[in-house]
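Q: Could you take a close look at the place where the ligand sits? I'd like the pocket, the residues around it and the contacts, with the cut-offs spelled out.

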Amino acid sequence: MNHELSRSIISAIQGVIGDSQVNLHEPEFKGNERKYLNDCIDSTYVSSVGEYVNLFENKLAEFTNANFAIATTNGTAALHLALVVAGVERGDEVLVPSLTFIATANAVAYCGASPHFVDVDTDSLGIDPIKLNEYLKNTTKLKDGKCTNKITGQPISALIPMHTFGYPAKMEAILEIGDTYKIQIIEDAAESLGSYYKAKHTGTLGKIGIISFNGNKVITTGGGGAILTNDKKIAELAKHLSTTAKVKHKWEFKHDSLGFNYRLPNLNAALGCGQLEVLQEKLENKAKLHQEYKFAFENIDGVNLFEGIPDTRSNHWLNVLILSKKTENILEETLRDLNDAGIASRPVWNPLHKNSTYKNSQHSDLSTTEELSGQIINIPSSPQLLSKS
Ligand SMILES: *Cc1c(COP(=O)(O)O)cnc(C)c1O
């Protein structure tokens, strides 16, 4: 191999962001983060009680236009809690794309349920609704009002679309499938804060949605997550279960069900309040960076910059290069050359059905997932990279 493709990719990227060493996605704290953290420390309310948690939730609800936001210790906890609140139980199956971060499936397993993997399509990188509809038509039946897997006899209680790298999935068609087959939609919007499907923020289209504020996401609380919902009962139950299901009382310790310690600490929420103030600016810079990458890759053969589907707006969390199918075997060479050149870049996650934990899970045909996993490269996407060039 002659590294020709790597050379053109490297020069395209360096033409946009310069030639210093860069990471894939870095946080930045140039706003009021320090001030709020100091304030939090001075108040001594650094833990599970404090004003910043409520403030963070209100601001997040306002930004996403969700009726309610409940802050949690991380995105995985938010997803676990969302599934518990949605009533996913031991012995259920939950439909999950195989092309996602492992947390999506782990949250299902924490409920004692089984992830059941489905395929994605190349135009959204999210669940392929046409393929899913065909699959469900053939493999499920309605039994006692529940969608049931004809092979295992287990109920399929939820479907988790994930908005890959911030690019919205085909939600309209997915929601329709949910209605047709009586399957609840829980959105894994961990990566897509600031992404919209038509006019709606991702994570607010299904019954419940979740966001992650891990250090590598668009904005961070250190570690953190949130549940979004428009349903008051769901919101109240999620908050109750995230705080050990403790019944409100000045001094008594009574818990009315099996709860979790999933509440976001005040210290993390303080950081998040500072970050939310600069979110819009970050999104604008990420859009500009994406636009510049688009120009840079326009005339390069053998690779395409992923754009997402019409009627959506992406936060461009991680920019995605898709290698042409014929060049599939050079994924590894390209990754090595890019990383050697100081450009942090990575392939997509190992498809979940190929991880040992889930190798025996139920799954549909996953040919697009398998093909894409040999074609995807994420390239540096921090919004602050623009000013470095
Ligand atoms: C980051 C992420 C999560 C989990 O979030 P954490 O805050 O790291 O627990 C879940 N799903 C997807 C798709 C993610 O990218």
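A: The ligand takes up the space of the second largest pocket; "sits in" here means that more than half of its atoms lie within 2 Å of the pocket's grid points. A pocket, for the record, is found on a 1 Å grid over the protein atoms alone: it's an open set of points where a 1.4 Å probe fits, with protein on both sides within 12 Å along at least five of seven lines, and lining residues have an atom within 4 Å of a point. This is a predicted model, where local features need pLDDT of at least 70 and side-chain atom pairs count only at pLDDT 80 or more, while totals for chains, interfaces and linings use all residues. Numbering runs from 1 along each chain as its sequence is written, and side-chain values use heavy atoms, with hydrogens and water left out.

This second largest pocket has a volume of about 300 Å³, counted as the space filled by probe spheres set on grid points joined across faces, edges and corners. It has 22 lining residues, with Phe101, Ala103, Ala190, Ser212 and Lys217 closest to the centre. H4, H5 and strand S10 (208-212) each give two or more residues to that lining, and H4 has the largest share, with three. Helices here are DSSP runs of H or I with at least four residues, strands are E runs of at least two, and both are numbered from the N terminus. By class, the lining splits into eight nonpolar, ten polar and four charged residues (nonpolar is Ala, Val, Leu, Ile, Met, Phe, Trp, Tyr, Cys and Pro; charged is Asp, Glu, Lys and Arg; the others, Gly among them, are polar).

Now for the ligand's own shell: 15 residues surround it, and the closest are Gly75, Thr76, Glu191, Ser212 and Lys217 (near means a heavy atom within 4 Å). Helix H4 (75-85) and helix H5 (102-110) each supply at least two of the shell residues. The shell's classes come out as four nonpolar, eight polar and three charged.

On polar contacts (N or O pairs within 3.5 Å), the side chain of Thr76 has an N or O atom 2.5 Å from a ligand oxygen. For Ser212, the side-chain distance to a ligand oxygen is 2.7 Å, and for the Lys217 side chain it is 3.2 Å. As for cover, the protein hides 92% of the 380 Å² of accessible area that the ligand has on its own (Shrake-Rupley, 1.4 Å probe).

Technical notes:
Polar contact = N/O pair within 3.5 Å; in protein donor to acceptor, adjacent residues only side chain to side chain.
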